[in-house]
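Subject: Structure handover and salt-bridge notes

Hello,

Please find the structure below. My notes on its salt bridges follow.

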Amino acid sequence: MHIKPYHREQDFERVGDFLIETYQPGDRLSNWLQPRWEYMHFHPNIKEVNLALIGIFEEAGEIVGVVNLEHTERQAYFQVRPGYEHIKPAMFDYAEENFQGVSQSTGQLIRALYINDFDSTLSQLAESNGYEKWVDFAEGHSRFWLDKPVPEASLPEGFHLQSLADEVDLEKINRVLWRGFNHPGSPPEEEIPGRREVMQAPNFREELTIVVVAPDGNYVSYCGMWVVPANRIAYVEPVATDPDYRRMGLGKVAVLESLRRAAALGAEIAWVGSDQQFYKAIGFETTFTVYPWVKVLD
């Protein structure tokens with residue numbers, strides 16, 4: 001087995017194909033879905049991390065495992081080809097050697113290994129090596145079956161739905177995402193290039209990205225949707241609603257419309273990396289959780 005550092009130009013599509021190949025339908029996901037990998041690379045935060053820290057484990061030129069970060073070098077995630085679970089200890093060692101960073105919540109130097117709740121091998125390795133499971137920072141993962149008609153929901157009078165195929169207004173997109181993720185103040189213009197960058201992702205679909213338009217013309221709710229035809233799955237990312245327009249059912253309508261369009265393209269199930277009540281009220285069910293196992297290094 002060979003371990004090589006990640007090179008975006010050479011390996012971005014290879015790892016994406018590996019994630020598509022290793023997808024296994026069921027109640028839980030052993031590996032990331034390909035859209036999460038793609039979205040990570042076109043999110044503006046990716047410019048702040050060293051992608052060469054990602055380790056690719058190969059055998060005879062085939063990817064059998066990946067240890068990757070997301071948007072910070074203090075995190076590590078594990079992707080393993082079925083049948084190669086025996087390489088997990090080596091992947092754990094790689095994560096220990098290459099990942100660390102300052103915690104935003106405590107200010108301490110830490111390493112956080114994100115491990116599926118059903119992965120006893122990595123969980124035991126983390127516990128025996130002095131890591132603590134931080135349950136308050138867990139990632140719930142929820143699914144929505146698309147084998148039956150998606151429920152209908154209506155908008156308040158004066159609001160309407162449209163997709164980015166109807167209109168792409170980067171200032172309006174920037175506004176709803178900035179405010180929708182609870183950032184203070186006016187949305188800065190320097191965020192706009194990052195919004196444009198996401199739309200350059202190879203599998204970004206304008207017609208699947210739904211916005212709710214307020215009577216004043218502003219976008220006030222946003223739902224991104226990614227479809228992987230080979231796996232017949234959809235992935236919800238991101239979803240945000242302007243705080244001035246919450247609890248009006250706008251986000252629900254946007255998500256349902258995106259789900260409806262994904263189903264029309266052949267998706268049989270949709271996943272979202274969240275266990276929020278918002279998604280449960282729509283009809284998602286949480287099926288597994290990924291916990292950060294954390295070691296303080298200073």
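Is Asp 11 buried or exposed? Asp 11 is buried, at a relative accessible area of 1% (buried means under 20% relative accessible area, exposed over 50%, partly exposed in between, with a 1.4 Å probe and protein chains only).

On the source: this is a predicted model, in which local features need pLDDT of at least 70 and side-chain atom pairs count only at pLDDT 80 or more, while totals for chains, interfaces and linings use all residues. Residues are numbered from 1 along each chain as its sequence is written, and side-chain values use heavy atoms, with hydrogens and water left out.

The structure holds 22 salt bridges (a side-chain nitrogen of Lys or Arg within 4 Å of a carboxyl oxygen of Asp or Glu). Asp 11 takes part in one with Lys 4, at 2.6 Å from N to O. Lys 4 is buried, with 14% relative accessible area. Asp 11 also bridges to Arg 14, at 3.1 Å from N to O. Both residues sit in helix α1 (residues 8-21), 3 residues apart, about one turn of the helix (helices are DSSP runs of H or I, at least four residues, numbered from the N terminus). Arg 14 is partly exposed, at 27%.

Another bridge joins Glu 257 and Arg 260, with the closest N and O atoms 2.7 Å apart. These two lie in helix α7 (residues 250-264), 3 residues apart, about one helical turn. Glu 257 is buried at 16% relative accessibility, and Arg 260 is partly exposed at 25%.

Regards
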